[in-house]
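Here are my notes on the model you sent over. Have the structure open while you read them.

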Amino acid sequence: MLHLTGNSALMIFWRRMKRFDLLVGIFPFLIPVLTACSQATPVANEPYEKVTLKMNYALVTSYAPIIIAEVEGYFADYGIEIEKLTFNSSAEAIPLVLSGEIDVFAGAANAGILNVLGKEENIKVVADRGHISPDGCTFQAIVVRKDLFESGEITEGKDLAGHTISTPPTGPGIYFLSRYLEQEGMSLEDVELTDIPTASYIDALHNKAVDAIVTTELHLSRLMAAGDAVILARSEDVVGDFQTSLLAFGKNLLKDNPDLGVRFMAAYLKGVEQYNEGKTERNLQVLAEATGESIEVLQSSCWIPINNDGSIDFSAVDRYQQWAYQYGQLDAVITEEQFWDPGFLTKAKNLLKP
C-alpha cells in the first residue's frame, strides 16, 4: 500500500481542487456543445414564410416543369403558391411584369421581350424553359391542310407562294417560316400572313380558313390527331439550335426579394429534373390531369428539351435577334448581360445541395 506524507496528500488534494474549479468555470460554455453532440439529428429549419407569386400560364408542355413542381409540392416546400394567369399570348403579360402585377414571366423568346430587355432594368431572363435542338424531337413544325397536300397543291416549300399561313408576327414561328422560305428562294412577302388564336387551329384547318399553320406542341399533336394536317417542315431541320421559351423575373424577385427568387428557382429546377426523366407513368399522369389531354396524345407529342441546370446558350438567342434586327422587328441588338442573369441558377443549386 502506498503511504503519503501529510505534505504529499495535501498537494494532491490541492491539484484536484484546482481541476474541479477549472471544470466549474468552463462548464457553462460546454453545455451548448454537449447538447448539440447528444442530438441524433440536426434541428429542422424554420418553415419558409408562405407567399403567393403570380405568373402567366398556358396548357402546353413547355410549362410541364412548372406543373410538375406545383403538383409534386416542390413550390410548397419553399413556401410558394403559384397564381396562374392566362392570356391569348404571353406578350400580353409583359406590361404586367413591368408594372409589378406579375412576378414570373414564362413566354416565347421573341422580339417583343428582347426589346423590353434592352430598355428595362426591372425584368431579366433567369432560366431555360425550352429550346429547339437538332438532336431533339419535333416540337415546332409547319403543317399544311391535308387536302392540299394530297391533291399535290402543297407538297414542298415553294408551293406555299400565295397561300395563307398563320403564325405570330414575332418570335420563333415567323423566324422559322422566314428561314424555311429563304431555303426555297422565297421570302415572307411571297405568302399571305395571318395570326389566328391557337384555340381556333383545328377548326381553321378543317373549315379551310387557312392553308398552313406554324405551330408548337401540344397544338401540333392536337392538329395531327384531328386528322386535317400534314407536317411540311420541321424546325430542328431548318433553324437547328434555337431558344424558343424562357423564364424571366420581374422587379419583385429580381431586386426586392431575390431570396424568394432563389426559392422559386430551386423548386423549378426540381420540376425540370423530374420532367427530364421523360414520359414516366407519374409524369404522364400529372400532365394529363393538369392539361386535360389524353395519355395517348402526351405519349406521341414532343417534350421540348430543357437543360437540367436551367442554363441558356446565348448564341442561339443571338442568331434570332440578328435576324429580327435585320427585319426591323428589333430596335437594337442586346448583349448577353442585358438578356439574362444566371445568378439565380447558381444560388438555387447551392440551396438544393444536401
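1. A term to settle before we start: "contact" here means heavy atoms within 4.5 Å. With that in hand, look at helix α7 (residues 172–183), which lies across β5 (140–145), β6, β7, β8 (212–216) and β9. The helix runs at about 70 degrees to β5.

2. Keep in mind that this is a predicted model. Mean pLDDT for the protein is 87, with 87% of the residues at 70 or more. The stretch to watch is residues 1–44, where pLDDT stays under 50 and the model has two contacts beyond four places in sequence. Where pLDDT is low, the predicted coordinates should not be read in detail.

3. The five strands form an open sheet in the order β7-β6-β8-β5-β9, and the pairing is mixed. β7 (192–194) and β9 (229–234) are the edge strands, each pairing on one side only. On average, neighbouring strands are turned by 30 degrees against each other, ignoring direction.

4. Isoleucine 165 sits opposite leucine 193 of β7.

5. How do α2 (residues 64–71) and α12 (residues 258–275) cross? Their axes come within 8 Å and cross at roughly 110 degrees. That makes α2 roughly perpendicular to α12. On the α2 side, Ala64, Pro65, Ile66, Ile68 and Ala69 take part, and they meet Ala267, Tyr268, Gly271, Val272, Gln274 and Tyr275 of α12. By class, that contact has nine nonpolar residues, two polar ones and no charged ones.

Methods:
Residues are numbered from 1 along each chain as its sequence is written. This is a predicted model: local features need pLDDT of at least 70, side-chain atom pairs count only at pLDDT 80 or more; totals for chains, interfaces and linings use all residues. Side-chain values use heavy atoms; hydrogens and water are left out. Axes are lines fitted to C-alpha atoms, for helices over the stretch in contact, and angles run from 0 to 180 degrees between N-to-C directions. Helices (H or I, at least four residues) and strands (E, at least two) are DSSP runs, numbered from the N terminus. Angles under 35 degrees count as roughly parallel, over 145 as roughly antiparallel, 65 to 115 as roughly perpendicular and the rest as oblique. Ala, Val, Leu, Ile, Met, Phe, Trp, Tyr, Cys and Pro count as nonpolar, Asp, Glu, Lys and Arg as charged, and the others, Gly among them, as polar. pLDDT is the predictor's confidence in each residue, from 0 to 100. Two strands pair if DSSP finds at least two bridges between them.
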